Amino acid sequence: MLRTLPVAIGATMSGVNSQLSPGTGLPAIAIPAGFTRLGLPVGLELLGHAYAEQGLLNYAAHWELAGGRRRPPPFTPALD
């Protein structure tokens with residue numbers, strides 16, 4: 001978990017994430033989980049057991065359909 005604010009594009013990040021999945025070879029998926037008090041997005045990463053990719057994708061799809069955890073940036077144009 002990173003507990004630092006995001007850095008500007010092109011700057012070096014002080015923390016490291018995504019360590020468990022690559023190190024173990026297990027599948028993982030990140031899903032939106034809401035926003036901080038500062039309005040920054042929060043993500044939740046789920047780690048599955050070996051060959052559980054479809055289960056993770058199913059869970060992420062259901063999470064997205066439940067809604068309310070994702071919103072576009074204020075400068076994103078409306079979709080027609």
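**Exercise 1. Where does Tyr 51 lie?**

Solution. Begin with the origin of the coordinates: this is a predicted model, in which local features need pLDDT of at least 70 and side-chain atom pairs count only at pLDDT 80 or more, while totals for chains, interfaces and linings use all residues. Residues are numbered from 1 along each chain as its sequence is written, and side-chain values use heavy atoms, with hydrogens and water left out.

Step 1. Tyr 51 lies in the loop between β2 and α2. Helices (H or I, at least four residues) and strands (E, at least two) are DSSP runs, numbered from the N terminus.

Step 2. The backbone of Tyr 51 has a positive phi of about 65°, although this residue is not a glycine.

Step 3. Tyr 51 counts as exposed because its relative accessibility is 78%. The terms are set by relative accessible area: buried means under 20%, exposed over 50%, and partly exposed in between (1.4 Å probe, protein chains only).

**Exercise 2. Describe the order of the elements and the overall extent of the chain.**

Solution. Step 1. The chain has 2 helices and 2 strands. Along the sequence they follow the pattern α-β-β-α.

Step 1. The radius of gyration is 15 Å, well over the 12 Å that the globule rule gives for 80 residues, so the chain is more spread out than a compact globule. This radius is taken over C-alpha atoms, and the globule rule is 2.2 Å times the number of residues to the power 0.38.

Step 2. Taken along the principal axes, the C-alpha atoms fill a box of roughly 40 × 35 × 20 Å.

Step 3. Of the 80 residues in the chain, 12% are buried.

**Exercise 3. In which sense do β1 and β2 pair, and over how many bridges?**

Solution. Step 1. The two strands, β1 and β2, pair in the antiparallel sense over 7 bridges. Two strands are said to pair if DSSP finds at least two bridges between them.

Step 1. Opposite positions can now be located: Ala 30 stands opposite Glu 45 in β2, and Gly 34 stands opposite Val 42 in β2.

Step 2. The hairpin of β1 and β2 has 5 residues between the strands, and Gly 39 takes a positive phi near 85° there.

Step 3. Leu 38 also has its place in the loop between β1 and β2. Leu 38 is exposed because its relative accessible area is 67%. From C-alpha to C-alpha, Leu 38 and Val 7 are 15 Å apart in space, and they are 31 residues apart in sequence.

**Exercise 4. Which residues are closest to the centre of the second largest pocket?**

Solution. Step 1. The second largest pocket has a volume of about 190 Å³. Of the 13 residues that line this pocket, the closest to its centre are Phe 35, Pro 41, Arg 71, Pro 72 and Pro 73. On a 1 Å grid over the protein atoms alone, a pocket is an open set of points with protein on both sides within 12 Å along at least five of seven lines, and lining residues have an atom within 4 Å of a point. Grid points are joined across faces, edges and corners, and a volume is the space filled by probe spheres set on the points.

Step 1. β1 (28-35) and β2 (41-47) each supply at least two residues of the lining of this pocket. The largest share, 4 residues, comes from β1.

**Exercise 5. Are Phe 75 and Ala 78 buried or exposed?**

Solution. Step 1. Phe 75 lies in the segment after α2 (53-66), and Ala 78 lies in the segment after α2.

Step 1. Phe 75 is exposed because its relative accessible area is 71%. Ala 78 counts as exposed because its relative accessibility is 69%.

Step 2. The C-alpha atoms of Phe 75 and Trp 63 are separated by 25 Å.

Key:
1 Å grid on protein atoms, 1.4 Å probe; cavity = no way out; pocket = protein on both sides within 12 Å on 5 of 7 lines; lining within 4 Å.
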